[in-house]
Amino acid sequence: MKRTVPLIIAIIAGFVLLIANFIPFAEGWGLTAQEWFNILAVGAMILGGGNLIKLHLKKVSSQRKGWGYSAVTIVCFFGTLLIGMLKWGVHPNPLYANYSWSGYYLESGSGLWWIYQHMVVPLTAMMFAMLAFYVATAAFRAFRAKNIEATLLLITAGIVLLGRTYAGVWLFGWLDWLPEGITHFNLAGIPWLPIDFYSLQFDRLTIWIMEVPNTAGTRAITIGIALGVVATSLRILLGVDRSYLGQD
Amino acid sequence: MLHALQNLDRRWIFLSMLIAVAIPILAKTVFPEVVSKQAKMVFDSIENLPDGSNILLSYDFDPASQGELLPMAQAFTRHCSIKGHKQYYMALWPLGSPMVDLSIDTIESEYPDMVYGEDYMKFDYKAGGEAVIRMITQDLRGMFPLDSRGVPLDQIPMTKNIKNIQDMDLIINVSAGDPGTKQWVQFAATPFGLTTISGCTGVQAPQMYPYIPEQLAGMLGAIKAAAEYEAAIDAVYPSINDNPKAQEAKRRMGPQLVAHGLMIGLIVLGNVIFFVSRKRGQA
Amino acid sequence: MRKCASFYICILATLAFTSVSIAQAPEPPSNLVVVDTPDDAGNSVDLTWTLSPNDVFNTLLSDEQATDANLIVASYAISRITVDAIGVTISDEDSNWRVVSEPAPGEVNWTDRSLHLGCTYNYRIHAVDTAGNTSTWDVAESTVSPVMQMFNMSKAWLAIFMLLFGGFVAYFINHARSGKKLWVRKIAGLEAIDEAVGRATEMGRPVLFVAGIQDINEIQTLAGLTVLSRVAKTAAEYGAQIEVPTCRSLVMAAARETVEAAYLSAGVPEAYQPDRIHYLTDEQFAFVAGVTGYMVREEPAACIYMGGFYAESLILAETGNYIGAIQVAGTAMPSQLPFFVAACDYTLIGEEFFAASAYLSGDPLQIGSLKGQDYGKFMSVLILVFGIFLATIISMSHSEEGASVTALDYMKNNMLGDEGLGSFGGGDTDIEGDDS
Amino acid sequence: MDKSLETPKKSNNTIWAIIFIIGAIMLIWSMTTSRTGQVWVTAESHSFSENPDGVYTPTQAGSGEIEWTTYNVVPENELTQVAINNGEATLSWSRTIGLWLAAIFTLFILSFLVGDNPAYKFAEAMVVGTSAGYVMVIGLWDVFVPNLLGKLLPGVVQGWALPGMSAEYISFWWVYFIPAILIVMLLFQLMPKGGWISRWPIAFFIGITAGYRMIGYVEADLVAQIKAGIVPLWISGEGGFEFWPSFNACLLTIATLSAMVYFFFSVEHKGLVGRIAKVGIWFLMITFGASFGYTVMGRIALLAARLEFLFGEWLHFIPSS
């Protein structure tokens, strides 16, 4: 019961999805399974919230260091949840004015909207934006050209950084001062080998880096990852990898 | 001197970054943009569709990334609206739904002729990520019984004859991570040959290049590409020039230039200190 | 081709002539053909038609017609009727003609995807001009019933590839489980770890190990814990102190088990200190603040990051560099690798990290999959090289037909594309129900 | 992060003092020159009455059976003294307070740069709580109610929250009990005992994910990528052989193959293979460099957006977008 049934569930679910791609008759099964999956994903959201609250409640009840902040988290969580679930301050949907619960939960001016607009947005956005500062200190203190590999990486990064701003064009403005015979010419009169110094402009060089070496490197990584995913998925579908079933 | 630099309080660096970004914002510096190939490809995939084509716009990002992605999302909305394309909005991220609302606000205030349900509409957020993409490539109603205003799809003119997203002429995906562009490529663009373009964060952009042009018809990577795309729209539809909101990405390139310069300066300075001190250490 | 064109011009001339007699309406499109969509579950059909002579996209359009602005086609309208149904009742709406699509001018095909298996349908199409005048209907020559196919032939090669790549993995896992030794190359980064631990011992300072911020069910965390077991064993042998802060409580439990076992196998179980392996918090940035706080206080001589990292990679590596620690990292997060590479002394890149874990653990599952993947990669390289070879030959010889062209077309369109098995090699691969 | 090494304690007070003084100057300057942090709104009334079909449709304001008022924000540049004087535009206290709070919370987080402090910890605790609560509310209204409850209790849901929905049961509606039961089983993980029950839904999750990922990755990231990699190394255009496109094609091929060789684990990196792998790692480094540049670009854009919020919407130093 504890391990066999889940194993069978995983294998059947996986194979249904697999064959639904190849056998039109099974398409419908695949759709049903996915619909359940998407509904179940909400269950995972509830579980995530539940785990969070459980953790912080524990902190509060044991009065561990910093439990006051955990209390703030809990109050904010339940406050948001309650206001959102009760659709506080939400007017009915104009199409169905006589149904008082029919409104949009995030209607402009409603309670949840207020929390979203004035708490969720500034807090999450600023939290993430702090990385701009860390990247600056890391640039000064950590990114060292200590070997060929790191040097290549940093030079490429520098070109891309300049190439993705106006500096890429501006730094090469002096090319316009040169006569065309110097900026564009054919090497030793070989017609098929045109040399164009404008291609060295950082913005064009960046595009070249992205389209040639970056595409190649990323392609190699992508193919590798794809094979890795095939291996992990197959281990689950064949029932040889059971680590998700836990120990007991 | 060297010692002082080695032990520099990092708050000086924080401060220099703050100033590098703040000054161009306050000075409202704007630089000219050259439209690159990628931005042109994205522009063309919307521009070359016949007017009134069906376009699915999936907003898979949240407020944390809106600094990078909102300008291009709004530019997509404006371009589609100018062209009179039918726009179907959806979100695979729980916080993506309010991002769609911002685009809907843009349509309502700047293109008042467009009618909800005939020219544009919005689907709710649905959980499940790539499983949602897979599902709607075959059955839209199974996932979305109603639109976000609670109306069944059969009663909405735009969706009445839409069975699944294979009926779309173009998929636009604005993505900040997972689920995002990679999942759209894997589960919609590649298996069904649906034309897809993407606007994504700088973190993801380099990883999307191998998909271009076969699996991804074009991609806007981070704020620079958004600025180029805005410039491309300006060039063809000069009337949009007067709208300051349509120039948001271009405005943000000012801080980018100064901050990128600062970054390179810091890396160079840091390495100089590193090498000099290593040499002295050996001597 | 030319013959065909002149034929159409004849028809056009006739049509243009007749159009004069009909008052102000565009010419209808023609040749509406409806066929079942191949390789589907029997719920769609494909429609094709020839453009109306008044369509500006019609390449046969004469200048005279183009200038007639009133007659220019603004759109088409396709309507459908359900004529017969088995097993389902036809709704009132469907038993009459109803408009199901309005294609734009210039379009010549459309797929109706909202059909039911077992029903029979008929279609018709007309053109609408800018003023709203409609042409006469062009009705499809025959009715159509969508058919379900047994097997989606367009995905036949995909199925073959899946079996092949899956087969490699399955074979080698089985091989490894049966006790056969499979060889995996030594991973250079692992020596760097030993060195780092050694230096920490010399300096009498601790070793910091972070197993990423993902939970225990993620493969990167598991790989990180495998490396931890090696690090802990080395530390135990050298007598170095090891510190493991974790971002998830389950990871802490697993890490404690791992480290305890490592100390036991090193023969110094009494030196194991469980308190050194502790859970901080689930929140990403709070976790980093805690770890970096520890780093600047205790100044570990070696920092080892192995697992799934996100934006915090940068902050960790920066602080480690600042305190002058030897840093070794390993992750499969492509977006975080650059920061580790730039700031750490040694980095295990992507799959190398998994290979290190397989190498260390000797787990047949891991080693077998790694071997299987290697063969998959090898095959990919072979296909790639062969394809490039063919493409280059074709391009150099400017040939448009011949064996190499056929072979390359087959590779790109059938093997790697969606045209199914096709008839390469002359064999009849058309199976029952596949009426494409 | 930690104060002990990097920030001598005594300097902290000076820094805080300077920050507060600069902040106060900016605030006072802003408040003397503009309506700092104020949000003005105009009222819009909505009125509905029942028509003979029993449907409520919009009517003249004041004459409806159901009425309510909503408020629209007046953009800063459209706000005129006339509108304020004749009462057309009113100051919205809730939105004004909200805007100030948003600005203050932003500054709380920024304060972390000076050093860890209670304000930052408070803001961090809030972001965790509110975003978790918010995501759960969305899951409830967008998925749980229409996609699950609406199938199991269509009549109730139709009459309560989704009047547009059909109140009739669809055929095979009872199969939706399965995902409902799976959700309940999943929540057993929160219980002190019986955690094993949640393995059923987790196994379902893992099986489905394994099934579709396998196809998705093979199709898009393996087969399609091999196809995309097949390019001729000799490219000729109208004028015959073209050097640079051919050069790029060769480089692309060499880079792809050598980087793939680096990831072979069945061959020792010695001799020829070792040298190819070395070339591969160089190309990988260029790839990472590009990724580095793009990531930095993204991070800075995020900061620029937040500063635009502070300087624009709040302090009105620049036009708010």
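This is a predicted model: local features need pLDDT of at least 70, side-chain atom pairs count only at pLDDT 80 or more; totals for chains, interfaces and linings use all residues.
**Chain A and chain D**

The interface of chain A and chain D brings 125 residues of chain A into contact with 122 residues of chain D. By class, the chain A side has 87 nonpolar, 26 polar and 12 charged residues. Two salt bridges are counted between chain A and chain D. One of them links Glu149(A) to Lys278(D), with the closest N and O atoms 3.6 Å apart.

**Chain D and chain C**

Here the contact involves 44 residues of chain D and 58 residues of chain C. On the chain D side, Ile230(D), Phe265(D) and Phe288(D) lose the most area to chain C, and together they make up 17% of what that side buries. A single salt bridge is counted between these chains; Glu219(D) forms it with Lys155(C), and the closest N and O atoms are 2.9 Å apart. The elements of chain D that give two or more residues to this side include α5 (118–152), α9 (243–262) and α10 (271–314). Helix α8(D) gives the most, with nine residues. The chain D side is made up of 28 nonpolar, nine polar and seven charged residues.

| Interface | Buried area | Share on carbon and sulfur atoms | Residue pairs in polar contact |
|---|---|---|---|
| Chain A and chain D | about 11,600 Å² | 81% | nine residue pairs |
| Chain D and chain C | about 4,500 Å² | 74% | 13 residue pairs |

**A sheet in chain C**

Chain C contains an open sheet of six strands with parallel pairing, in the order β10-β9-β8-β11-β12-β13. Its edge strands are β10 (277–279) and β13 (346–349), each of which pairs on one side only. From one strand to the next, the twist averages 15°. Within the sheet, β11(C) (residues 302–306) and β12(C) (residues 326–331) run parallel and are joined by five bridges. Tyr305(C) has Ala329(C) in β12(C) as its bridge partner. Helix α7(C), residues 284–298, packs on the sheet and touches β8 (207–210), β9 (242–246) and β11 of chain C. The direction of α7(C) makes about 170° with that of β8(C).

Notes. Residues are numbered from 1 along each chain as its sequence is written. Chains are lettered from A and ligands numbered from 1 in the order in which they are written. Side-chain values use heavy atoms; hydrogens and water are left out. Contact means heavy atoms within 4.5 Å. Buried area is the accessible area (1.4 Å probe) that two parts lose on being put together, summed over both. A salt bridge is a side-chain nitrogen of Lys or Arg within 4 Å of a carboxyl oxygen of Asp or Glu. A polar contact is a pair of N or O atoms within 3.5 Å; within protein, one must be able to donate a hydrogen and the other to accept it, and residues adjacent in sequence count only if both atoms are side-chain atoms. Helices (H or I, at least four residues) and strands (E, at least two) are DSSP runs, numbered from the N terminus. Ala, Val, Leu, Ile, Met, Phe, Trp, Tyr, Cys and Pro count as nonpolar, Asp, Glu, Lys and Arg as charged, and the others, Gly among them, as polar. Two strands pair if DSSP finds at least two bridges between them. Axes are lines fitted to C-alpha atoms, for helices over the stretch in contact, and angles run from 0 to 180 degrees between N-to-C directions.
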